[in-house]
Amino acid sequence: MGNSALKAHLETAQKTGVFQFTEKGLIEFPEDLQKLASNLRTVDVSENKIETLPPLIGKFLILKSLSLNNNKLTSLPEELGKLKKLEVLHVNGNRLTRLPQAVGQLSALKTLSLSGNQLREYPAQLSNLRHLDVLDLSRNKIQTVPDEICQLQAIELNLNQNQISQISTKIAQCPRLKVLRLEENCLELSKIPVCILSESQVSLLAVEGNLFEMKSIRDLEGYDKYTERFTATKKKFS
């Protein structure tokens, strides 16, 4: 990758507010990008070899969308929390083991994708995000869904392909949760909280590929109430 290619992309970004520089073998976040911090709305540096997101990311105050998919990031800086306009954050396919506390300050965030990382715990700070609609934590190493989940505002939560064997009953208190994906985990039937079926807003519960036969879920208390919600939602969209 030559400097001229980067320079051309920077010039385009200055005019459009969009910087897209994917699959270019970048090993570090382009420092020159900070010169455009005041007018960039979208940054996509996916499919590179970036190992560190520098603190200067905190200068991009009008940024709405940041994509860092398929790099080599092991952490994110606390300065990320300064991006109060950020609505979309994609960090799929990296090496994150934890999230900075400051992620909980991304007050405009609507979509957060962290699929294919090394997260071992549900990041409790995500419960501070009042406008979050979609949270993708699939393909990580999460083992437990803790009580803090009850504050989560998301409409859709994807926890497919983790190592989950325990789920807090408080998940049924999630105020907006409609879609809950728990496929290919380590759940026994007795570990599925029946309150998800009987008391929650969830109208699509995906639990294939766990430690029980799918048909046995029909015998759980509250399954009929869940079926009513599922059918009503289906009708609404058909």
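Two residues are in contact here when heavy atoms of one lie within 4.5 Å of heavy atoms of the other.

**Figure 1. Overview of the predicted chain.** Among contacts in the chain with a separation of 6 or more, 35% are accounted for by residues 24 or more positions apart. The chain contains 3 helices and 11 strands, and, read along the sequence, these follow the pattern α-β-β-β-β-β-β-β-β-β-β-α-β-α. Along its principal axes the C-alpha trace spans about 65 × 35 × 30 Å. Of the 238 residues, 48% count as buried, while the accessible surface comes to about 11900 Å², with 46% of it belonging to carbon and sulfur atoms.

**Figure 2. Lys15 in helix 1.** Lys15 is found in helix 1, which covers residues 3–16. Is this residue buried or exposed? Lys15 has a relative accessible area of 73%, and because the cut-off for an exposed residue is over 50%, Lys15 is counted as exposed. The view can also take in Leu40, which is 25 residues apart from Lys15 along the chain, with a separation of 9.4 Å between the two C-alpha atoms.

**Figure 3. Pro54 in the loop between strands 2 and 3.** Pro54 lies in the loop that runs between strand 2 (42–44) and strand 3 (65–67). Although it belongs to a loop, Pro54 counts as buried, at 18% relative accessibility, since buried means under 20%. Not counting residues up to four places away in sequence, Pro54 touches Phe29 and Pro77. How far is the C-alpha atom of Pro54 from that of Leu220? These two residues are 166 residues apart along the chain, and their C-alpha atoms are separated by 49 Å.

**Figure 4. Ser67 in strand 3.** Ser67 has its place in strand 3, and at 9% relative accessibility this serine counts as buried. Which residues are in contact with Ser67, once its neighbours within four places in sequence are left aside? They are Val43, Asp44, Val45, Ser46 and His90.

Figure 5. Ser115 is found in the loop between strand 5 (111–113) and strand 6 (134–136), and with a relative accessible area of 6% it is buried. Not counting residues up to four places away in sequence, Ser115 touches Val91, Asn92, Gly93, Asp136, Ser138, Arg139 and Asn140. One of these partners, Arg139, lies in the loop between strand 6 and strand 7 (144–145), and at 45% relative accessibility Arg139 counts as partly exposed. Most residues other than glycine have a negative phi. Phi of Arg139, however, is near 55 degrees, a positive value in a residue other than glycine.

**Figure 6. Leu157 in strand 8.** Leu157 is found in strand 8, residues 156–158, and its relative accessible area of 0% places it among the buried residues. Not counting residues up to four places away in sequence, Leu157 touches Leu135, Leu137, Ile149, Leu152, Leu177, Val179, Leu180 and Arg181. For Leu157 and Ser168, the separation in sequence is 11 residues, and in space it is 15 Å from C-alpha to C-alpha.

Figure 7. Glu184 lies in the loop between strand 10 (179–181) and helix 2 (194–198). At 45% relative accessibility, Glu184 counts as partly exposed. Phi of Glu184 is near 55 degrees, which is a positive value in a residue other than glycine.

**Figure 8. The largest pocket and its lining.** Rolling a probe the size of a water molecule over the atoms shows where empty space is left. The largest pocket has a volume of about 220 Å³, and of the 13 residues that line this pocket, the closest to its centre are Leu205, Met214, Ile217, Tyr223 and Tyr226. Which elements each supply at least two residues of the lining? They are strand 11 (204–206) and helix 3 (223–237), and helix 3 gives the most, with 4 residues.

Definitions and conventions: Residues are numbered from 1 along each chain as its sequence is written. This is a predicted model: local features need pLDDT of at least 70, side-chain atom pairs count only at pLDDT 80 or more; totals for chains, interfaces and linings use all residues. Side-chain values use heavy atoms; hydrogens and water are left out. Buried means under 20% relative accessible area, exposed over 50%, partly exposed in between (1.4 Å probe, protein chains only). Accessible areas come from the Shrake-Rupley method with a 1.4 Å probe; for residues, only the protein chains shown count as cover. On a 1 Å grid over the protein atoms alone, a cavity is a set of points where a 1.4 Å probe fits but cannot get out, and a pocket is an open set with protein on both sides within 12 Å along at least five of seven lines; lining residues have an atom within 4 Å of a point. Grid points are joined across faces, edges and corners, and a volume is the space filled by probe spheres set on the points.
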